[in-house]
Structures are given as structure tokens and as C-alpha cells.
Number of protein chains: 2
Amino acid sequence: MSKPRPGENVVLVGNKPTMNYVLATVIQFNQGADKVVIKARGRAISKAVDAAEIVKTRFLMNQVEITDVKIGTEKVGEGEQSRNVSTIEITLERKK
Amino acid sequence: MSKPRPGENVVLVGNKPTMNYVLATVIQFNQGADKVVIKARGRAISKAVDAAEIVKTRFLMNQVEITDVKIGTEKVGEGEQSRNVSTIEITLERKK
């Protein structure tokens with residue numbers, strides 16, 4: 001997962017209910033962000049897709065669009081404990 | 001989720017172990033496919049990303065690349081029972 005760049009609005013999806021991440025994203029747009037990136041790893045990937053789709057189809061319908069979806073692999077842990085996890089980054093942008 | 005077009009190679013990810021879908025994808029490439037689309041809905045989305053990443057980084061390293069990732073929403077069930085589920089379609093293509 002790439003490090004957030006300055007001024008980039010990121011929502012990192014974890015173990016909380018999906019709606020928490022939906023609201024976090026909506027709040028960032030309502031505070032003036034033009035672009036929000038929803039990121040997740042491992043099992044939270046499905047939840048990140050749900051959150052992005054709920055923002056797009058229910059909360060900010062016709063206002064934001066999904067402009068990029070990237071998937072990747074990241075190494076977690078050290079030495080023998082290390083394993084690979086999948087990642088996703090979903091970019092939502094305010095429609096021009 | 002879009003209907004498979006004639007000649008399109010699709011792997012639909014469900015409840016089986018991830019490795020089943022990895023192997024289904026690798027077999028399609030080994031049988032001459034230039035393009036395989038891995039599709040999933042709901043909780044299986046994380047598994048679809050894992051399968052695509054494992055194919056790309058472990059089995060067909062330097063031979064295939066992820067050329068497109070689409071996410072969407074689909075209605076499942078009828079009437080009051082109907083609900084929305086998220087979907088993903090990951091396109092892998094043989095490198096030219």
C-alpha cells in the first residue's frame with residue numbers, strides 16, 4: 001500500500017462496521033476533498049469495496065465516481081513469520 | 001456482473017479454497033487463453049484479489065499482468081428479500 005502523500009485523503013478500512021468507513025469518506029468529501037482513497041488489506045478488502053459502492057450509489061450519488069482501483073501484494077511481518085497479504089486502493093473523485 | 005461473452009475465459013470465485021481458483025486460472029492460461037477474468041461477489045471479493053495476486057506473483061510471474069479491475073453493485077433476490085451486493089471483476093492478460 002503506498003504511503004499517503006501530503007494532502008491526500010485516505011480512509012483505511014479495518015475491523016469496524018462498514019458504515020463507519022462510509023461515513024468517514026462522506027465527511028471528507030463534505031469537508032471539501034476532491035479525492036478520497038479507500039485502502040484495505042486481506043479480509044477487509046470486501047468491506048472496502050462495499051464502502052466505496054455505498055458512498056457512490058447511496059450517499060453521494062451522481063457527485064462522485066470511482067476513477068481507479070488498484071490491487072497489490074504486501075509483505076507483513078519479519079523473517080519466518082512473514083507472509084503476503086493482498087491490498088486494494090479504491091480512488092473516488094468528485095465529478096467535475 | 002457482466003455476462004461472459006463468447007470466448008471469454010471466466011473464473012467465478014465462491015466458497016472453495018483460494019488455491020482452486022488460482023489453479024483454474026493458471027489452467028486457462030496454459031490452455032492458450034490470452035485473457036482471464038476473475039469475478040466475485042460479496043465476501044468472496046477478498047479471495048478473488050488473493051487468487052489474482054497469487055497467479056501474478058507466484059505461478060505466472062512476468063507472464064501475465066492485471067490490466068483492469070472493476071467494482072460494482074448488483075441486486076440479489078426479489079421484492080422485499082432483495083439486497084445489494086458488491087462485485088469485482090479482475091482482468092488478467094498475457095504479456096505481449
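Biologist: Hi! Among contacts in chain A between residues at least 6 apart in sequence, what share joins residues at least 24 apart?

Modeller: Hello! That share is 66%. Do keep in mind that this is a predicted model.

Biologist: Noted. How many helices and strands does chain A have?

Modeller: Chain A has 2 helices and 4 strands. Going along the sequence, the order is β-α-β-α-β-β.

Biologist: And what does the C-alpha trace of chain A span along its principal axes?

Modeller: About 45 × 25 × 20 Å. As for burial, 35% of the 96 residues in chain A count as buried.

Biologist: Let's look at the strands. Which way do S3(A) and S4(A) pair, parallel or antiparallel?

Modeller: Antiparallel, with 12 bridges between S3(A) and S4(A). One of the pairs there is Val64(A) with Arg94(A), the latter sitting in S4(A).

Biologist: How many bridges does S4(A) share with strand S2 of chain A?

Modeller: There are 7 bridges between S4(A) and S2, which covers residues 35-41 of chain A, and the sense is antiparallel. If you'd like a pair to click on, Val37(A) has Thr91(A) in S4(A) as its bridge partner.

Biologist: Nice. Over to chain B: how do S1 and S2 of chain B run, parallel or antiparallel?

Modeller: Those two run parallel, with 4 bridges joining S1 (residues 9-12) to S2 (residues 35-41) of chain B. Opposite Leu12(B) you will find Lys39(B), in S2(B).

Biologist: Through what does the chain cross from S1(B) to S2(B)?

Modeller: Through helix H1 of chain B, residues 18-30. The β-α-β crossover formed that way is right-handed.

Biologist: I have Tyr21(B) selected in my viewer. Where does Tyr21(B) lie, and is it buried or exposed?

Modeller: Tyr21(B) lies in helix H1 of chain B. It counts as buried because 24 other C-beta atoms are within 10 Å, and the cut-off for buried is 20 or more.

Biologist: Which residues does Tyr21(B) touch?

Modeller: Leaving out residues up to four places away in sequence, Tyr21(B) touches Val11(B), Val13(B), Ile38(B) and Ala51(B). For Gln81(B), 60 residues apart from Tyr21(B) along the chain, the C-alpha atoms of the two are separated by 30 Å.

Biologist: How many residues does the contact take from each chain?

Modeller: It takes 17 residues from chain A and 17 residues from chain B. On the chain A side, helix H2 (44-59), strand S3 (64-76) and strand S4 (83-94) each supply at least two residues.

Biologist: Which element gives the most to that side of chain A?

Modeller: H2(A) does, with 7 residues.

Biologist: Last one: how does the side of chain A that touches chain B divide by class?

Modeller: That side has 8 nonpolar, 5 polar and 4 charged residues.

Note on methods. Residues are numbered from 1 along each chain as its sequence is written. Chains are lettered from A and ligands numbered from 1 in the order in which they are written. This is a predicted model: local features need pLDDT of at least 70, side-chain atom pairs count only at pLDDT 80 or more; totals for chains, interfaces and linings use all residues. A residue is buried if 20 or more other C-beta atoms lie within 10 Å of its own, exposed if 12 or fewer, and partly exposed in between; C-beta atoms are placed from the backbone. Two residues are in contact if their C-beta atoms, placed from the backbone, lie within 7 Å. Ala, Val, Leu, Ile, Met, Phe, Trp, Tyr, Cys and Pro count as nonpolar, Asp, Glu, Lys and Arg as charged, and the others, Gly among them, as polar. Two strands pair if DSSP finds at least two bridges between them. A crossover is right-handed if, with the strands pointing away from the viewer, the path from the first strand over the helix to the second runs clockwise.
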